[in-house]
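Subject: Structure for you to look through

Hello,

Here is the structure I said I would pass on, with the sequence beside it. Please open it and keep it in view while you read the notes that follow.

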Amino acid sequence: MEIETRAIHAGRQVDPATGAVVPPLYLSTTFEREADGSYPHNYNYIRDRNPNRVMLEDCLCALEGGKVASAFASGSAATMSIFQALNPGDRVVVPHDAYSGTGTLLRSLMQPWGLKVAFADMTNLQEVKAAITSDTRLVWLETPSNPMLKITDIGAVTAIAHKVGALSVCDNTWATPVLQQPFALGCDLVVHSTTKYLGGHSDVLGGAIIAQKESEFFEKVLHIQHIGGAVPSPFDCWLILRGIATLPYRMKGHCENADKLARWLQQHRAIARVHYPGLSTHSGYAIASQQMSGFGGMLSVELKGGKEAAFAMAAHVKLFRRATSLGGVESLIEHRASIEGKNTRTPDSLLRLSVGLENAEDLIADCDRALKGNP
Ligand code: PLP
């Protein structure tokens with residue numbers, strides 16, 4: 001079955017009790033045992049399993065082509081559980097420009113706990129080889145990267161990681177399984193902030209880990225989640241599953257609009273650089289063309305006038321919302337350096353755009369007006 005069909009049907013069934021086509025919401029925190037002490041429906045307690053969560057996890061497996069999945073309370077909670085499943089003294093290699101929260105989590109929580117962290121430019125395979133040592137247990141990938149839209153060759157970095165027996169983990173939040181399939185390129189685990197494109201409407205927080213196969217490592221991740229309790233609510237799972245139903249069609253619209261806007265911005269005299277992997281001038285264009293079936297809805301621009309011009313553009317848009325996050329139906333614009341904090345490597349002149357599903361010409365007109373500085 002193709003992804004449009006899986007997005008609508010995987011994990012769902014007509015409710016056997018009522019015939020409801022849309023899955024009911026199971027709010028119960030606890031489930032009854034039989035007289036002999038068994039759990040006939042395999043549900044016991046909400047922190048362990050919940051029917052809405054199981055439906056979402058089955059759907060995520062079907063989308064990514066994975067064997068097992070677990071839904072989390074947030075993308076950050078999912079990320080955290082993976083690093084916690086390692087041992088103090090283990091080493092991980094992480095891209096310089098992974099989501100800034102991933103870097104903060106590693107620096108402020110995992111390094112003091114004993115994890116060794118090496119940051120590398122994942123687009124430079126020599127640098128990756130130099131960073132991966134025999135005690136490296138895990139290599140983290142995020143492509144396209146945040147906010148520079150750098151493209152990592154997933155297959156090549158995974159092969160380097162596997163040579164030393166390290167796991168390859170890909171944060172697939174930006175591309176989504178519609179545009180990029182990390183398991184087909186050899187990855188072991190896929191991570192998502194389902195808060196973004198999978199939820200799709202900026203109204204629910206969630207995360208997920210999908211594993212290519214069952215493993216001791218994934219069992220440990222599940223144990224950490226079960227004991228620590230970083231699980232999503234049934235309603236959050238329900239919302240994310242509902243969002244996923246339209247994901248393939250939303251991604252088509254996001255890609256189309258971002259492509260039009262990137263090309264328009266590229267020729268504007270106030271813009272110094274457009275970072276969008278769908279432009280043939282982008283350094284990752286060739287690899288993105290091979291490993292992605294579309295270039296996504298995210299782009300960044302650097303303004304010739306520096307920080308001041310970037311703030312002026314963000315101040316004058318009317319359709320784009322000045323807000324963090326991404327992947328919703330509405331377009332967002334954000335000055336990343338000022339939100340990423342003191343460790344940021346993001347240029348001050350850069351604005352990140354999450355291109356939504358409004359009409360592309362209206363978005364272009366909004367940027368045109370904002371770049372003229374008109375109120
Ligand atoms: N991964 C990526 C690529 C992100 O962009 C984000 C959030 O922006 C996260 C992970 C963290 O997700 P959450 O906000 O759901 O914790």
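Leaving aside its neighbours within four places in sequence, asparagine 146 is in contact with Asp97, Ala98, Tyr99, Trp174, Arg336 and Arg352. Please keep in mind throughout that this is a predicted model. Asparagine 146 lies in the loop that runs between strand E4 (136–142) and helix H6 (154–163), and it counts as buried because its relative accessible area is 3%, where the cut-off for buried is under 20%.

With five of its five residues buried, E12 is mostly covered.

Which strands make up the sheet, and in what order do they come? The sheet is an open one of five strands, in the order E8-E9-E12-E11-E10, and its pairing is mixed. Its edge strands are E8 and E10 (321–322), each of which pairs on one side only.

- Strand E8 (residues 271–275) and E9 run antiparallel and are joined by four bridges, with valine 274 having valine 301 of E9 as its bridge partner.
- E9 and strand E12 (residues 350–354) also run antiparallel, joined by five bridges; here methionine 298 has serine 354 as its bridge partner, and valine 301 has leucine 351.
- E11 and E12 pair in the antiparallel sense over four bridges, and leucine 332 stands opposite serine 354 in E12.
- E10 and strand E11 (residues 332–335) pair in the parallel sense over two bridges, and arginine 322 stands opposite isoleucine 333 in E11.

Helix H12 (residues 306–316) packs on this sheet, where it touches E9, E10, E11 and E12, and the direction of H12 makes about 155 degrees with that of E11.

Is strand E9 enclosed or open to the outside? Six of the six residues of E9 (residues 298–303) are buried, so the strand is largely enclosed by the rest of the structure. Both of its faces are covered, with Met298, Ser300 and Glu302 buried on one side and Leu299, Val301 and Leu303 buried on the other.

The next place to look is the ligand. There are 15 residues around the ligand, and of these Gly75, Ser76, Asp171, Ser193 and Thr195 come nearest. Aspartate 171 has a polar side-chain atom 2.7 Å from a nitrogen atom of the ligand. Two further side chains lie by oxygen atoms of the ligand: an N or O atom in the side chain of threonine 195 is 2.7 Å from an oxygen atom, and a polar side-chain atom of lysine 196 is 3.0 Å from an oxygen atom. On its own the ligand has 400 Å² of accessible area, and the protein covers 92% of that.

Two single residues remain, and they can be read side by side. Glutamine 291 sits in helix H11 (residues 285–291) and counts as buried because its relative accessibility is 9%. The side chain of glutamine 291 reaches the backbone oxygen of threonine 152 at 2.6 Å, and, when neighbours within four places in sequence are left aside, the contacts of glutamine 291 include Thr143, Ile151, Asp153 and Leu185.

Serine 215, by contrast, is partly exposed, with a relative accessible area of 28%, and its place is in the loop between strand E7 (207–211) and helix H8 (216–228). The side chain of serine 215 reaches the backbone nitrogen of phenylalanine 218 at 3.0 Å. If you want a distance to check on screen, the C-alpha atoms of serine 215 and threonine 18 are separated by 37 Å, and these two residues are 197 residues apart along the chain.

Best wishes

Terms used
Residues numbered from 1 in each chain as written. Predicted model: local features only at pLDDT ≥ 70, side-chain atom pairs only at ≥ 80, totals over all residues. Heavy atoms only, no water. Buried < 20%, exposed > 50% of the residue type's maximum accessible area, 1.4 Å probe, protein only. Polar contact = N/O pair within 3.5 Å; in protein donor to acceptor, adjacent residues only side chain to side chain. Contact = heavy atoms within 4.5 Å. Pairing = 2+ DSSP bridges. Near = heavy atom within 4 Å. Areas by Shrake-Rupley, 256 points an atom, 1.4 Å probe, with all protein chains shown as cover. Axes fitted to C-alpha atoms, helices over the stretch in contact; angles between N-to-C directions.
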